[in-house]
Amino acid sequence: MESCAACGKANTSLKSCKACKLVKYCGVECQVAHRPKHKKTCRKKAAELFDAKLFAQPPAREDCPICMQMLPLDDSSWGYHACCGKFICTGCVISLTRNCCPFCNATGATTTNDEWKKMIEERIKKYNDPYALLVLGNCYGYGDRGFPVDHTKAVELYKSASKLGCAVAHYNLGNSYILGRGVDEDMNKAKHHYEMAAMIGHVTARHYLGAMEWKNGKHVGAMRHFMIAAKSGYHESLENVKIGFKWGIVMKEDFEKTLRCYQASQDEMRSEHRDRAKVSL
């Protein structure tokens, strides 16, 4: 039977330290009493655990439900459909050339702003859809679909979406804290939201983290971020990895693996109908 790290009493219902998971306590009183002795070890282990999570392989990007290919990194190459809550690549939307959603057949091109707003609000009310919250936040952030520009409202919606695990919402919050839109400028909060977005799989946020680390002189950490983003197909990160290899920061084996993964990701996102869509836009 395990014993409390503070009082030493054996107990079957001890609770682990949430930060480091190294020790267990009877309750809050024992944890607070043991804090002065445990603080240094706790912080070190917690940082190690966070690093392991931050630099773990991120989840794969979502596929377009029509062509079943990975969605492109470029946000302009796919869109959210409020009727069914699906992300559909522009290639499929244009190639099918119908006046309705390619997935659920709901009328699309003739939808008025009021009708679209009603669909979005319905998805939020019925499904608590984080992406509906995100898109509504973007409307307030950029004044789209007749919405007034209201950065404060946009941030509120991004925060709601981020709590539901939306990577793009975390990324947008990071941008808001950097630019001071709807919130006070705060680089620490910006970095936190970029980290949250990157761990969920947002590639641009991962690239930005690399840029922030590089600016702070943490070149090894920066290259770790750049390699992860490059493996997901992010070209700017790949160019930075090339520089890291040239300067001896990135090892040959890691460089070669990054190149192979980059090409594989690019191939997975590319198709003839997506190339035709790019030309027609």
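Trainee: Starting with Lys15, does it count as buried or exposed?

Mentor: Lys15 counts as exposed, at 62% relative accessibility. Keep in mind that we're looking at a predicted model.

Trainee: Okay, and where does Lys15 lie?

Mentor: Lys15 is in strand S1, which covers residues 15–16.

Trainee: What does Lys15 touch, leaving out residues up to four places away in sequence?

Mentor: Its partners are Val23, Lys24 and Tyr25.

Trainee: How far is Lys15 from Arg206?

Mentor: Their C-alpha atoms are separated by 34 Å, and the two residues are 191 residues apart along the chain.

Trainee: Let's switch to Cys30. Buried or exposed?

Mentor: Cys30 is buried because its relative accessible area is 17%, and the cut-off for buried is under 20%. You'll find Cys30 in helix H1.

Trainee: Which residues does Cys30 touch, again skipping those up to four places away in sequence?

Mentor: Cys30 touches Cys4, Ala6, Cys7 and Tyr25. Cys4 sits 26 residues from Cys30 in sequence, with 7.9 Å between their C-alpha atoms.

Trainee: Let me zoom out. How many helices and strands are in the chain?

Mentor: The chain has twelve helices and four strands. Its C-alpha atoms fill a box of roughly 70 × 50 × 40 Å along the principal axes.

Trainee: And what share of the residues is buried?

Mentor: Of the 281 residues in the chain, 41% are buried. As for contacts with a separation of 6 or more, 43% of them join residues 24 or more positions apart.

Trainee: Next, helix H4. How many of its 13 residues are buried?

Mentor: Ten of the 13, so H4 is mostly covered. The buried ones are Pro130, Ala132, Leu133, Leu134, Val135, Leu136, Gly137, Cys139, Tyr140 and Gly141.

Trainee: What covers those buried residues of H4?

Mentor: The cover includes strand S3 (78–81), helix H3 (113–127), H5 and H6.

Trainee: And what does H4 reach from its first C-alpha to its last?

Mentor: H4, residues 130–142, reaches 18 Å, which is close to the 18 Å expected at 1.5 Å a residue.

Trainee: You mentioned H5 and H6. At what angle do they pack?

Mentor: Helix H5 (residues 151–163) and helix H6 (residues 167–179) pack at about 140°, with their axes 8 Å apart. That angle makes them oblique to each other, and H5 passes H6 in a left-handed crossing.

Trainee: Which residues make that contact?

Mentor: From H5 it's Val155, Tyr158, Lys159, Ala161 and Ser162, and from H6 it's Ala169, His170, Asn172, Leu173, Ser176 and Tyr177. Sorted by class, the contact of H5 with H6 has six nonpolar residues, four polar and one charged.

Trainee: Last topic: backbone angles. What's the phi of Met68?

Mentor: Met68 has a positive phi of about 60°, although it isn't a glycine. For background, most residues other than glycine have a negative phi.

Trainee: Where is Met68, then?

Mentor: Met68 sits in the loop between helix H1 (28–54) and S3. Its relative accessible area is 55%, so Met68 is exposed.

Trainee: What about Arg145, what's its phi?

Mentor: Arg145 also isn't a glycine, and its phi is positive at about 50°. Arg145 is in the loop between H4 and H5.

Technical notes:
Residues are numbered from 1 along each chain as its sequence is written. This is a predicted model: local features need pLDDT of at least 70, side-chain atom pairs count only at pLDDT 80 or more; totals for chains, interfaces and linings use all residues. Side-chain values use heavy atoms; hydrogens and water are left out. Axes are lines fitted to C-alpha atoms, for helices over the stretch in contact, and angles run from 0 to 180 degrees between N-to-C directions. Helices (H or I, at least four residues) and strands (E, at least two) are DSSP runs, numbered from the N terminus. Angles under 35 degrees count as roughly parallel, over 145 as roughly antiparallel, 65 to 115 as roughly perpendicular and the rest as oblique. A crossing is left-handed if the near helix is turned anticlockwise from the far one by less than a right angle, and right-handed if clockwise. Contact means heavy atoms within 4.5 Å. Ala, Val, Leu, Ile, Met, Phe, Trp, Tyr, Cys and Pro count as nonpolar, Asp, Glu, Lys and Arg as charged, and the others, Gly among them, as polar. The expected span of a helix is 1.5 Å times one less than its number of residues. Buried means under 20% relative accessible area, exposed over 50%, partly exposed in between (1.4 Å probe, protein chains only).
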